[in-house]
Amino acid sequence: MNDDAAARTEQVRLAVYAHFAATGAAPSPSDLAARTDLPLGRVRPALEALHAHRDLVLDAADRDRILMAHPFASVPLGFSVMGARTLWWGGCAWDSFAIPQLLHGERDVLVATRCPACDAPHAWVVGRDAPPPGEQVAHFLTPVHRIWDDVVHACANQRLFCSGGCVEAWLGATGRQRGYVMDLGTLWRLARGWYAGRTEPGYSRRDPSSAAAYFAEVGLHGPFWGLAD
Ligand SMILES: [Zn+2]
Ligand SMILES: [Zn+2]
């Protein structure tokens, strides 16, 4: 990619985040053209470049449709995130807890979901200062090095449950292997700094070694997180 193409790609990336943050919805290519003053013929290749670089996820069947620009999503994956004036689909448990960290216009947000095992409703007010209280646990099915094999599936299976008992019941009912279980405080610390800088110019995604260092710092250990135990 030459410098001009790289600059346009970054402009489109920032416009995607600005649109999601402001509206809760994914921008169309025309929305992005309007936000960046680029012609559609420049916006589409930039979206493809961002998809190839895992900065966002395009729909396989409709390349004009953005499914996710983490932590934002345009498809329901089990979570809603409600601000004072805006409603977002939280991607997964991790993404839903990360959204308030990126929205400095919101003091906190209401994250709501249902337990995948027993359908009990759960909601937390999530802000930037401290984890929300609660005895619920997060279960992540897919080890981090496999997330991008099918990122929508991985996000759809990073959920919050009533308890460890509900995780076990869900694993039994769905025939899945146990992934990783953490408490709400650990989930909040994981989400807190993970996407730092993502809505600002010049962001680059963490490489595996800085990701591993971040996981260890927030108390996540073992091969699930790409770390030797
Ligand atoms: Zn439950
Ligand atoms: Zn996610």
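A salt bridge is a side-chain nitrogen of Lys or Arg within 4 Å of a carboxyl oxygen of Asp or Glu. This is a predicted model: local features need pLDDT of at least 70 and side-chain atom pairs pLDDT 80 or more, while totals for chains, interfaces and linings use all residues. Residues count from 1 along each chain as its sequence is written, ligands are numbered from 1 in the order written, and side-chain values use heavy atoms, without hydrogens or water.

**Stop 1: salt bridges**

Select Glu48 and Arg63. Their side chains meet in a salt bridge (2.9 Å, N to O). Glu48 lies in helix α3 (residues 40-52) and Arg63 in the loop between β1 (57-58) and β2 (66-69), so the pair ties together parts 15 residues apart in sequence. Helices (H or I, at least four residues) and strands (E, at least two) are DSSP runs, numbered from the N terminus.

Now select Arg65 and Asp59. They form another salt bridge, at 3.0 Å, N to O. Asp59 is buried, with a relative accessible area of 16%. Arg65, at 35%, counts as partly exposed. Buried means under 20% relative accessible area, exposed over 50%, partly exposed in between (1.4 Å probe, protein chains only).

How many salt bridges does the structure hold? It holds eight.

**Stop 2: zinc ion, ligand 1**

Select ligand 1. Its protein donors are Cys115, Cys118, Cys162 and Cys166, each through SG, lying 2.3 Å from the zinc ion. Donors are N, O and S atoms within 2.8 Å of the metal (3.2 Å for Na, K and Ca); water is not among the atoms, so sites may look incomplete. The angles among the four donor atoms are 97 to 115°, and the site is tetrahedral. For four donors, that term requires all angles to lie between 85 and 135 degrees. The ideal tetrahedral angle is 109.5 degrees.

Along the chain, the donors follow the spacing C-x2-C-x43-C-x3-C. Cys118 sits in the loop between β6 (108-114) and β7 (121-127), and Cys162 in the loop between β9 (158-161) and α6 (164-174), so this pair ties together parts 44 residues apart in sequence.

**Stop 3: zinc ion, ligand 2**

Select ligand 2. Which protein donors does this zinc ion have? They are Cys92 (SG), Asp95 (OD) and Cys155 (SG), lying 2.0 to 2.2 Å from it. Their spacing along the chain is C-x2-D-x59-C. Cys92 and Asp95 are buried. Cys92 has 1% relative accessibility.

**Stop 4: strand β5**

Finish at Leu87. This residue lies in strand β5 (residues 87-90). Leu87 counts as exposed because its relative accessibility is 54%.

Conventions. Four donors count as tetrahedral if all angles lie between 85 and 135 degrees; four count as square planar and six as octahedral if opposite donors are over 155 degrees apart and all others between 65 and 115; anything else is irregular.
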